[in-house]
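Dear colleague,

Please find below the structure that I am handing over to you.

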Amino acid sequence: MDTIDQIQVLVVDNDEDDFIVTKDLLSRVEGVSFSVQWAATFDSALTESRRKAHDVILVAYLLGAKSGLDFLQTVIAAGCQIPIILFTDQADHEVDLAAMKAGAADYLVRADLSAVLLGRSIRYAIERKRAENRILTLAYYDDLTGLPNRVLFLDRLNFCIANARRREALVAVLICDLDNFKRINDTLGHEAGDLLVREVGERVSACVRENDSVGRLDEGHNKNTVARQGGDEFTLLLGEIRNIHDAARVAQRILGSLARPFDLRGHEVFVSASIGIAIFPQDGVDADTLVKNGDAAMYHAKDRGKNNYQFYKKEMNATSFQRLSLETSLRRALEREEFLLYYQPVVNLYTGKLVSAEALVRWQHPDMGLISPADFIPLAEETGMIVPLGEWVLLAACAQNKAWQQAGLPLVRVAVNLSCQQFAERNLARVVEEVLEETGLAADYLGLEITESLMMRNVDASIAVLRELSSMGVSLSLDDFGTGYSSLSYLKRFPLDILKIDRSFVREIPHDNDDVTLTRVILAMAGNLGLKVVAEGVENQEQLEFLKNQGCDMMQGYLVSPPVSVADFRDILVREASGKGIGRLICGTCTEE
C-alpha cells in the first residue's frame with residue numbers, strides 16, 4: 001500500500017463511549033497517523049459522507065432508529081466511493097453476510113477488536129478500494145485522455161434516455177471527428193498525434209457547460225459527458241437539453257475552440273472538426289440508434305466541406321450505408337485489380353508537342369461502374385489505403401510508360417501524384433528506386449507531383465526527401481501552385497523543376513483582373529527561379545493565347561484533352577509520332593497539309 005501521511009477517518013456511532021474506545025484504538029495503531037471525526041447521528045453521518053473528505057468510514061451497527069446497515073445501503077446507493085467498515089457488538093452470520101452483500105469493506109466484532117486488527121482492516125479496505133478504482137478506470141476510461149470510453153458513454157447515455165423518457169425531455173448526442181488527423185500523425189509522428197488528441201479532449205470538455213443541461217437527479221452526478229471513442233473521435237452527451245439549439249450552441253463552441261492553433265512541441269498546428277448531432281427521441285429512442293445516426297450526420301458534415309456541424313436527417317442513413325459499402329469494397333479493390341489509370345496530356349504551348357502526361361487513378365467498380373476519385377480518394381486517405389494505392393499507381397504508370405517505349409512510341413514523361421501519407425513515408429525514395437528498377441523505366445521519364453500544402457508541413461524534411469528524389473533524375477513538380485502556403489524564400493530552397501498553376505487561377509483569365517495579375521506574378525517568379533510552368537485547366541483559345549503571350553511553357557486541360565484511357569492515350573502517342581498530335585492541331589503547328 002502507498003504511504004499515507006495521515007488517514008482521515010469518520011466514526012459513525014451514537015454511543016460516545018464506544019467512539020472514545022475506537023479513537024483510542026486508532027491512536028495505538030503503529031506506523032500510521034489518523035485524523036478522526038465523529039458523527040453521532042444517522043443524518044449527520046450522511047452529510048459528512050457527501051463531503052468526500054475521508055479515507056474510510058467506521059460505522060456502528062446500532063444507530064438508534066436506523067442501523068449501520070441502513071447507512072451503508074443509503075450511501076452506496078448515492079454513489080459513495082469511500083470504503084466502509086461495519087462494527088457490531090457480537091458475531092452474527094446473517095448480519096455479516098448482509099453487510100458484505102451491501103458493499104461493506106469489512107465486518108468487525110468489537111469484543112475481538114485490537115489496534116493491530118483495526119489498523120490492518122483499515123489499510124486493506126483502503127487498498128482494495130484503490131485497486132477497484134484502478135480496475136474501473138481501466139474498464140471505463142480512456143488511457144490517453146482520461147475521458148470516459150465508449151462503454152461508460154453508452155451506460156450514461158442509456159441512463160439519460162431512461163430519465164428523459166419519463167420526463168419527456170430531449171437528449172443530444174454529438175459525434176466529433178477531427179478533419180485530416182492522419183496528416184498530423186504522418187507528418188509529425190504519433191507522439192504529436194497523441195498530444196493533439198489530449199489537448200483536443202481538454203478543449204472539447206471545456207465547451208460543455210453545466211447550463212447546457214439540467215443535472216442528473218441523483219446528487220453528485222451531471223448528465224453531460226465527453227468521451228473518446230478511439231482515434232480522433234469524441235462523443236458528447238447533453239442530457240435533457242431545452243431545445244435543439246442548445247446542441248447547436250455547443251457544437252459551435254467546439255468549432256470555435258478548435259480554431260485556435262495548437263502548439264505541439266514547437267510545431268504550430270491548425271485543426272478542424274466535423275460534428276454530427278442526433279436528438280432523442282426524434283432521431284432514435286435507444287443508444288445504438290442515436291450514436292449510429294450521429295455518426296451518419298458527422299460524415300455528412302465531412303461531405304459538406306468539413307469544419308461544420310450537421311443535424312441528422314433520415315436520408316443520411318442511405319449515404320452512410322453507401323459509404324460503408326464503398327469502404328468495404330475499397331479494401332478489396334486492389335487485390336481484385338479494379339483500379340486503372342487514365343492519362344491527361346501536357347503539351348508545349350508554342351510547338352503543341354506532347355511533353356508529358358499526368359497519370360490519374362480511376363476505380364472500375366464491378367457494380368457501381370467508374371467511380372470518381374473525388375468519391376474514393378478521401379476515403380482511401382481516411383482508411384490508410386492511400387499508401388498501397390499510391391504505390392500501385394506508381395508501379396502501373398512506370399510499367400505502362402515502359403511498354404509504350406518498347407512499342408516504339410514517342411518518349412514522354414509520366415507524372416504521378418504523391419499523397420501526404422506517401423510523402424511522409426521514410427522509405428519513399430527507396431520505393432521509387434525499386435519501382436524504376438523493376439519496370440526498367442529511366443528516371444528521366446518519371447515525374448512526381450507534390451502539393452504546396454504537403455511540402456510546407458515540414459520544410460526541412462521535405463527538402464531532404466526532394467533532394468534525394470531529384471538526385472535520381474526524377475522530375476519534380478509543385479502541383480496546385482498558388483493555393484498553399486509557400487513563399488519565395490522557401491520556394492527557392494526546394495529542388496523543383498516545374499510549377500503547375502492551379503486551375504482556379506486559369507478559369508477566369510483573361511477576364512478576371514485578379515487572376516490575370518496573379519498568373520503574371522507566378523510566371524515571372526518561376527522565370528526568375530529557372531522553373532518551367534504548366535497551366536492547369538486550360539479550356540479555351542482565349543486562355544491559351546493569354547498564357548502564350550505571358551511566357552507560360554506548357555498547358556494541360558480539356559482544350560487539349562480530358563483524361564483518357566490507356567488505349568486512347570496510345571492513339572494520342574501514335575498521332576504524335578505522325579506529326580498530327582492534338583496539341584499541334586490546337587497550337588497551329590501541325591505538319592498536316
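The notes below cover a sheet with its helices, and then the aromatic rings.

This is a predicted model, in which local features need pLDDT of at least 70 and side-chain atom pairs count only at pLDDT 80 or more, while totals for chains, interfaces and linings use all residues. Residues are numbered from 1 along each chain as its sequence is written, and side-chain values use heavy atoms, with hydrogens and water left out.

The sheet is open and has 5 strands in the order S9-S10-S8-S13-S14, with mixed pairing. Strands (E, at least two residues) and helices (H or I, at least four) are DSSP runs, numbered from the N terminus, and two strands pair if DSSP finds at least two bridges between them. At the edges are strand S9 (225-230) and strand S14 (309-311), each of which pairs on one side only. From one strand to the next, the twist averages 20°; axes are lines fitted to C-alpha atoms, for helices over the stretch in contact, and angles run from 0 to 180 degrees between N-to-C directions.

Strand S8 (residues 170-178) pairs with strand S10 (residues 233-241) in the antiparallel sense, over 7 bridges. Leu-174 has Leu-236 in S10 as its bridge partner. Helix H6 (residues 150-167) packs on the sheet and touches S8, S9, S10 and strand S13 (273-280); contact means heavy atoms within 4.5 Å. The direction of H6 makes about 20° with that of S10. Helix H9 (residues 244-258) also packs on the sheet, touching S8, S10, S13 and S14, and its direction makes about 165° with that of S13.

A search of the whole structure finds 10 aromatic pairs. Rings of Phe, Tyr and Trp (its six-membered ring) pair if their centres lie within 6.5 Å; planes under 30 degrees apart count as stacked, over 60 as edge-to-face and the rest as tilted. Tyr-309 and Phe-311 form an edge-to-face pair, 6.3 Å centre to centre with 80° between the planes. Another edge-to-face pair is Trp-363 and Phe-376, at 5.7 Å and 85°. Trp-363 lies in strand S16 (residues 354-365) and Phe-376 in helix H12 (residues 373-383), so this pair ties together parts that are 13 residues apart in sequence. Phe-339, Trp-363, Phe-376 and Trp-392 form one aromatic cluster.

Yours sincerely
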